[in-house]
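User: I'd like to go through the charged side-chain contacts in this one. Can you walk me through them?

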Amino acid sequence: MTSADDAIVVGVDGSEQATRALRWAAGEAALRNLRLHVVFAFAPPGGVCGAGLSVPRQVYADFVHAGHELLRDAAETAHAVAGDVVVTSEMPNELPSPMLIELSRTARTVVVGASGSGGFAGMLAGSTAVAVAGHAHCPVLVVRGREMDAASPVVAGVDGSPDSESALGVAFEEASWRNVPLVAVHAWRDTGDEPWRMLAECLAGWAEKYPDVPVDRVVARDRPRQQLLHWTEQAQLIVIGSRGRGGFPGLMLGSVGHALVHHAQCPLLIVRPRIA
């Protein structure tokens, strides 16, 4: 077993956004009785760590000490949110994005803040959130936007693609765990579509599997990104596939995913079929 096996993995760096992601991850782990694995990844330049500018050993030692304190504080925060959650942690000498992507091979979900300590005030997501959302092997939750309203619905983007089908199943599960309605949104622009029929076909099997989840169906003649961005103002969580019908083969994150990662007003869960 690796450190991330079937765990909720969250990256921390001491920033406000990362702390919010930590709280969300702790709640998710407790809700599902899963382990929470907290990661503070760093790669100090040069000195004792390799070629480049020399870093005095005491500076490096102070940095490591601060990292251990950050992880200790993270565990305390997690237990304050969910007292019984099992917390493990690690502090690898790696850059955050590659480390979280590697851990995603066996994790249940990876959780990141929209921007970290290297980010800036504003709406756009940081490089770690964008990289992990685009390349992870498991679902990625990007915590951004307003605070969650526990009574608000889960919203799923539906377009009939394989990734959308995977996302729809996760969205039903999330709505069931939270005991809230699911809003299934299909935005279309092609006059040749039969949008209501397509949406009904996509929902049929999942609605039977999750009879406890009320489903609201929304069909809008609009750009998918615009329609889903609108719904992020009302949802507690929005769930999408990593790329939809318009995505090119090999494209890791579609244009709708990119738009939501940067501009969504609520947390965003990006789902892709697990890859080796």
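Analyst: A salt bridge here is a side-chain nitrogen of Lys or Arg within 4 Å of a carboxyl oxygen of Asp or Glu. With that criterion applied to this predicted model, Glu28, Arg32, Glu174 and Arg178 are linked in a network of salt bridges.

User: And how many salt bridges does the structure hold?

Analyst: The structure holds nine salt bridges, one of them being the contact between Arg178 and Glu174, where the N to O distance is 2.1 Å.

User: How are Arg178 and Glu174 placed in helix α5?

Analyst: They are four residues apart in helix α5, which spans residues 162-178, so about one helical turn separates Arg178 from Glu174.

User: Are Arg178 and Glu174 buried or exposed?

Analyst: Arg178 is buried, and Glu174 is buried as well.

User: Last one, which residue does Asp73 bridge to?

Analyst: Asp73 forms its salt bridge with Arg72, with 3.2 Å between the closest N and O atoms. Asp73 is partly exposed, having a relative accessible area of 35%, and Arg72 is likewise partly exposed, with a relative accessible area of 46%.

Methods
Residues numbered from 1 in each chain as written. Predicted model: local features only at pLDDT ≥ 70, side-chain atom pairs only at ≥ 80, totals over all residues. Heavy atoms only, no water. Buried < 20%, exposed > 50% of the residue type's maximum accessible area, 1.4 Å probe, protein only. Helix = DSSP H or I, 4+ residues; strand = E, 2+ residues; numbered from the N terminus.
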